[in-house]
Amino acid sequence: MEPQPDTKDWTWTLRRRCPDCGLFAGEVPIEKIADRAEAAAAEWVQILTASAGVGLRPKPDVWSPLEYGVHVRDVYQLFDARLTLMLVEDHPTFENWDQNESAIAGEYAVQDPDRVAAELATAAESFVIRVRGLAEDQHERAGRRSDGADFTVITFCQYFLHDVVHHLWDVTGQVED
Ligand SMILES: [Zn+2]
């Protein structure tokens, strides 16, 4: 059995505190996103490289830390590419990304955790450099998801941060303050 497809709309996490992971993404200033994205990536690398049961699912329908880690690697890569698009194009529409389909196609469960950790670190470094390099007049540049949800560079980065932090909660149960 595969985990439930993630078709829920998570944009509410920009407007209120997430009751699970504790993050209020909409209140994180853009100036803090890079540091927090970097810190979250370091935690993911730690989880992927230092936990013995990294490939084990806690329940048959719940992803293992490895599967979450591969997903988070993809999130860093995807958001880096989309952020780039927002900076070079005027109001681009992003292509749809079916998360469960890519989990199966990419065979998340059988990947080498050390390689995933290295790829995650590389993707995160690229994203963090791009966010640190944002000029103030780029903060309100826009992008649209294929479901019609509109983002600015700021809300896009906040949305991204919730995703990687929330999945840390999925794996570790740790709550943000
Ligand atoms: Zn959350």
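**Close-up views of a predicted model**

**View 1. Histidine 91 sits in the loop between H2 and helix H3 (99-105).** Phi of histidine 91 is near 50 degrees, a positive value in a residue other than glycine. Most residues other than glycine have a negative phi. Is histidine 91 buried or exposed? With 10 other C-beta atoms within 10 Å, histidine 91 is exposed, since a count of 12 or fewer puts a residue in that class.

**View 2. The largest nonpolar core holds 42 residues.** Within this core, the residues touching the most other members are Ala37, Tyr76, Leu120, Ala124, Phe127, Leu161 and Val164. Four helices each supply at least two residues of the core: H1 (30-50), H2 (65-88), H4 (113-132) and H5 (153-172). For a closer look, pick alanine 124. Apart from neighbours within four places in sequence, alanine 124 is in contact with Ala37, Glu38, Ala41 and Tyr76.

**View 3. Helices H2 and H4 pass each other with their axes coming within 9 Å.** How are these two helices oriented to each other? Their axes cross at roughly 25 degrees, and angles under 35 degrees count as roughly parallel, so H2 and H4 are roughly parallel to each other. The crossing of H2 past H4 is left-handed. On the H2 side, the contact is made by Leu66, Gly69, Val70, Val72, Arg73, Tyr76, Gln77, Phe79, Asp80, Leu83 and Thr84. On the H4 side, the residues are Pro113, Val116, Glu119, Leu120, Ala123, Ala124, Ser126, Phe127 and Arg130.

**View 4. Helices H1 and H5 have axes that come within 10 Å.** These axes cross at roughly 25 degrees, and H1 and H5 are therefore roughly parallel to each other. H1 passes H5 in a left-handed crossing. Look along H1 for Ile30, Ile33, Arg36, Ala37, Ala40, Glu43 and Ile47. They meet Ile154, Cys157, Leu161, Val164, Val165, Leu168 and Val171 in H5. What kinds of residues make up the contact of H1 with H5? They divide into 12 nonpolar, no polar and two charged.

**View 5. Isoleucine 30 belongs to helix H1.** Isoleucine 30 counts as partly exposed because there are 17 C-beta neighbours inside 10 Å, a number between the limits of 12 for exposed and 20 for buried. Setting aside residues up to four places away in sequence, isoleucine 30 touches His139, Ile154 and Cys157. Now find glutamine 158. Isoleucine 30 and glutamine 158 are 128 residues apart along the chain, yet their C-alpha atoms are separated by 7.5 Å.

**View 6. Leucine 23 lies in the segment before H1.** Why does leucine 23 count as buried? Leucine 23 has 23 other C-beta atoms within 10 Å, and a residue is buried if there are 20 or more. Beyond its neighbours within four places in sequence, leucine 23 is in contact with Cys18, His162, Val165 and Glu176. From C-alpha to C-alpha, leucine 23 and proline 60 are 27 Å apart in space, and they are 37 residues apart in sequence.

How values were computed
Residues are numbered from 1 along each chain as its sequence is written. This is a predicted model: local features need pLDDT of at least 70, side-chain atom pairs count only at pLDDT 80 or more; totals for chains, interfaces and linings use all residues. A nonpolar core is a set of buried Ala, Val, Leu, Ile, Met, Phe, Trp, Tyr and Cys residues joined through C-beta atoms within 7 Å. Two residues are in contact if their C-beta atoms, placed from the backbone, lie within 7 Å. Axes are lines fitted to C-alpha atoms, for helices over the stretch in contact, and angles run from 0 to 180 degrees between N-to-C directions. Angles under 35 degrees count as roughly parallel, over 145 as roughly antiparallel, 65 to 115 as roughly perpendicular and the rest as oblique. A crossing is left-handed if the near helix is turned anticlockwise from the far one by less than a right angle, and right-handed if clockwise. Ala, Val, Leu, Ile, Met, Phe, Trp, Tyr, Cys and Pro count as nonpolar, Asp, Glu, Lys and Arg as charged, and the others, Gly among them, as polar.
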